Amino acid sequence: MPQHAQTQHYDLISQLFHWLVVALLIGLITTFYIHDLTPDTSALHLSSIKLHISLGLLIFVVVIARIGWSRLVGTPEPVSQWRILQFAGKAFHVLLNLATLLIPISGFLRVASKGRSAEFFGLFQIPSPIGEVPALNDLMHILHGQPMEILLYCLVGLHVAAALWHQYILRDHALERMLPWARRAA
């Protein structure tokens, strides 16, 4: 395996997109639990779901931009010389990107199928394009609910585990490629 494949880093914009998605996912999970654990009548209950919806819309846009940027500039060569690991890594990233796109879509459809607008940080509203559709709302309640939550936790957990496995077991510096402060080979 060529030496540059082990030390080639993601560019700073790709790193920024990656860590922005991480921060947004943390925000989405936090706002979900705040909403879930507060009384329906509290101001925090309402503001947390509004923030959750805004973060969901934002992560959708960020992931689209991230995919577009990746297509534009490319990605570093895979760190593994084993084709099965290269395939697994690519397939997993496609699945993770799909999940981070489908979750906000299902969340928006959950709101839109109630005939409601989705507010974006109080700046503007995206009106429901479909109006009230109870059957779709029931389906989105399921899809955007616990099954999607479990899927997301599994995908993120596997992603973190794979990064740590590469970094500390295989010692191929894979994790360092996504860290802006990591040492870079000359």
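## A core to look for

A nonpolar core is a set of buried Ala, Val, Leu, Ile, Met, Phe, Trp, Tyr and Cys residues joined through side-chain atoms within 4.5 Å. In this predicted model, the largest such core has 13 residues, and Val21, Leu24, Leu25, Ile59, Val62 and Val63 touch the most other members. Helix 2, helix 3, helix 4 (83–112) and helix 6 each supply at least two residues of this core. The biggest giver is helix 2, with five residues.

## A closer look at helix 2

Helix 2 covers residues 12–37, and its 26 residues should span 38 Å at 1.5 Å a residue; the end C-alpha atoms lie 37 Å apart, which agrees. At the start of this helix, a side-chain oxygen of Asp11 comes within 3.1 Å of the backbone nitrogen of Ile13.

Several residues of helix 2 are buried, among them Phe17, Val21, Leu24, Leu25 and Leu28. An α-helix has 3.6 residues a turn, so residues three or four places apart point the same way. Included in what covers the buried residues of helix 2 are helix 3 (43–73) and helix 6 (146–170).

## The whole chain

Now step back. The chain holds six helices and two strands, in the order α-α-α-α-β-β-α-α along the sequence. Its C-alpha atoms fill a box of roughly 60 × 30 × 30 Å along the principal axes.

Of the 186 residues, 31% count as buried. The chain exposes about 11600 Å², with carbon and sulfur atoms supplying 70% of that area.

Definitions and conventions
Residues are numbered from 1 along each chain as its sequence is written. This is a predicted model: local features need pLDDT of at least 70, side-chain atom pairs count only at pLDDT 80 or more; totals for chains, interfaces and linings use all residues. Side-chain values use heavy atoms; hydrogens and water are left out. Helices (H or I, at least four residues) and strands (E, at least two) are DSSP runs, numbered from the N terminus. The expected span of a helix is 1.5 Å times one less than its number of residues. Buried means under 20% relative accessible area, exposed over 50%, partly exposed in between (1.4 Å probe, protein chains only). Contact means heavy atoms within 4.5 Å. A polar contact is a pair of N or O atoms within 3.5 Å; within protein, one must be able to donate a hydrogen and the other to accept it, and residues adjacent in sequence count only if both atoms are side-chain atoms. Accessible areas come from the Shrake-Rupley method with a 1.4 Å probe; for residues, only the protein chains shown count as cover.
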